[in-house]
Amino acid sequence: MELMVSTKNSPDWRDDSPAQEITDLKGMGEEEIIEFCLEAGEPAYRGRQIFSWIYAKGETDLDRMSDLPRAFREELARRARVGWLEPEKVEKGADGTEKFLWRLGDGNLVESVRVPMPLPDGKTRWSLCISTQVGCAMGCAFCLTAKMGFVRQLSAGEIVEQFLAARRLLPEGERYHNVVFMGMGEPLDNLEASVAAVRLLTHPKGVGMSPRRLTLSTVGIAPKLLEFVREVPGVGVAVSLHAADDVTRGKIVPPNRKWPLNEILTTCRNLPLSERQRITFEYVLLSGVNDSPEDARKLAGLLRGIRCKVNLLPWNPFPDVSFERPADSRVGEFRRILTQSGLDAFVRQSKGLDIRAACGQLADDDKIADRAGRRS
Ligand code: SF4
């Protein structure tokens with residue numbers, strides 16, 4: 001029997017034909033699952049129970065949702081499923097960083113990265129970086145994901161599924177302290193799904209993460225940044241600047257032609273952030289491109305008056321690209337100029353370099369090869 005899987009529509013509960021659509025409950029919000037149950041003639045609280053089973057307890061087997069009546073579970077098993085990701089491949093780097101490669105229902109691949117942070121008391125703080133698109137349309141010159149081009153948007157379910165599946169792979173009793181939307185793709189180019197994913201991750205009866213433990217990283221799609229902060233207040237925002245003038249930025253971050261620095265920074269100044277929130281500015285340092293003392297002084301000038309911190313990321317190399325990683329002394333000097341100007345600036349040591357899990361290194365090699373082949 002061929003099953004048709006839908007992520008949106010509820011089934012027709014009166015239809016007993018074998019070709020009945022199977023509804024994937026993963027990715028649905030609480031209200032949608034409630035509606036799904038109401039259509040089945042079940043009370044609304046059944047929907048809340050299912051929501052909690054999926055997101056709080058991570059259950060994927062409808063039959064194990066033990067507080068649902070058996071008859072309803074049997075009916076559910078015929079009409080619905082909870083889609084699940086299994087890692088196609090897990091790579092572990094020398095520093096403990098792990099990269100999960102997930103195969104989606106349509107065969108596309110995306111990656112998530114888990115980063116352990118050892119604490120002085122011997123415990124570990126875990127962070128997870130998740131993807132929001134297959135590939136990316138932004139075309140940043142220093143980023144391997146950009147070489148795949150844009151393939152497709154991830155649904156909210158597929159974004160959250162990365163978290164749920166990676167949560168299953170944590171050691172017993174551990175949890176993710178932070179989740180960053182910083183993997184493959186530009187999250188604001190997939191705004192609706194990114195907002196829905198944040199809502200699923202922060203729902204108190206679901207995953208229940210505090211919004212301040214989530215961070216969305218963007219190349220700076222100014223109008224959508226404002227919309228995102230209005231929709232899901234409290235979530236951290238990281239804006240990738242990577243240059244301190246429009247000419248340089250336009251060469252390495254093509255969206256700058258549409259949303260130049262002035263527009264991005266004006267938006268940042270006017271974001272309705274809470275008192276304790278500050279924006280993170282990301283700056284990939286490329287030798288001879290954007291790493292001069294003059295660049296640092298310009299950057300300090302641009303950020304004056306914005307409550308922020310700056311993360312400096314010496315570029316993570318990959319083959320066939322002509323950029324170079326700056327010398328440590330150059331990076332140190334850049335940071336010194338920023339801190340002397342009163343900015344909090346940090347040099348972020350890349351994690352997972354040996355397994356190509358660091359920032360800007362996530363990509364499906366087959367897609368890159370396909371694209372290169374089409375061009376030649
Ligand atoms: S750096 Fe981010 S926005 Fe730019 S191409 Fe890579 S994934 Fe896309």
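This note walks through a predicted model, from its overall build to a handful of individual residues.

1. **Overall build.** The protein has 11 helices and 15 strands. Its C-alpha trace spans about 70 × 50 × 45 Å along the principal axes. The radius of gyration is 22 Å. A compact globule of 376 residues would come near 21 Å, so the two values agree.

2. **Burial and surface.** How much of the protein is buried? Buried residues make up 54% of the 376 residues. The accessible surface comes to about 17200 Å². Carbon and sulfur atoms account for 49% of that surface.

3. **Strand S12.** Start here for the interior. Five of the five residues of S12 are buried, so the strand is largely enclosed by the rest of the structure. In a regular strand the side chains alternate between the two faces of the sheet. In S12, Gly236, Ala238 and Ser240 lie on one side. Val237 and Val239 lie on the other. Both faces are covered, and all of these residues are buried.

4. **The partner of S12.** Strand S11 covers residues 214-218. Which way does S11 run against S12, parallel or antiparallel? The two strands pair in the parallel sense, over four bridges. One place to look is Ser217, whose bridge partner in S12 is Ala238.

5. Pro211 is found in the loop between helix H5 (191-202) and S11. Its relative accessibility is 30%, so Pro211 counts as partly exposed. Leaving out residues up to four places away in sequence, Pro211 touches Thr202, Pro233, Gly234, Val235 and Gly236. Gly236 is also one of the buried residues of S12. Pro211 and Arg199 are 12 residues apart along the chain, and their C-alpha atoms are separated by 9.0 Å.

6. His242 is found in the loop between strand S12 (236-240) and helix H7 (246-252). Its backbone deserves a check. Phi of His242 is near 70 degrees, a positive value in a residue other than glycine. Is His242 buried or exposed? Its relative accessibility is 5%, under the 20% cut-off, so His242 counts as buried.

7. Elsewhere, the charged end of Lys57 sits over the ring of Trp53, 3.9 Å from the ring centre.

8. **Arg46, in a helix.** Arg46 has its place in helix H2 (residues 44-55). At 11% relative accessibility, Arg46 counts as buried. What does Arg46 contact, leaving aside its neighbours within four places in sequence? The list is Cys37, Asp67, Leu68, Pro69 and Phe72.

9. **Leu313, in a strand.** Leu313 is found in strand S14 (residues 308-314). Leu313 is buried, with a relative accessible area of 12%. Not counting residues up to four places away in sequence, Leu313 touches Glu282, Tyr283, Val284, Leu285 and Arg348. Leu313 and Val289 are 24 residues apart in sequence. In space they are 14 Å apart, C-alpha to C-alpha.

10. **Phe142, in a loop.** The loop between strand S8 (133-135) and strand S9 (150-153) holds Phe142. At 8% relative accessibility, Phe142 counts as buried. Phe142 and Leu286 are 144 residues apart along the chain. Their C-alpha atoms are separated by 8.5 Å.

11. Where is Asp364? Asp364 is in the loop between strand S15 (344-347) and helix H11 (365-375). Its relative accessibility is 9%, so Asp364 counts as buried. Asp364 touches Leu109, Met148 and Met184, not counting residues up to four places away in sequence. Asp364 and Met148 are 216 residues apart along the chain, with their C-alpha atoms separated by 7.0 Å.

Key: Residues numbered from 1 in each chain as written. Predicted model: local features only at pLDDT ≥ 70, side-chain atom pairs only at ≥ 80, totals over all residues. Heavy atoms only, no water. Buried < 20%, exposed > 50% of the residue type's maximum accessible area, 1.4 Å probe, protein only. Lys NZ or Arg CZ within 6 Å of the ring centre and 35° of its normal. Rg over C-alpha atoms; globule rule 2.2 N^0.38 Å. Areas by Shrake-Rupley, 256 points an atom, 1.4 Å probe, with all protein chains shown as cover. Contact = heavy atoms within 4.5 Å. Pairing = 2+ DSSP bridges.
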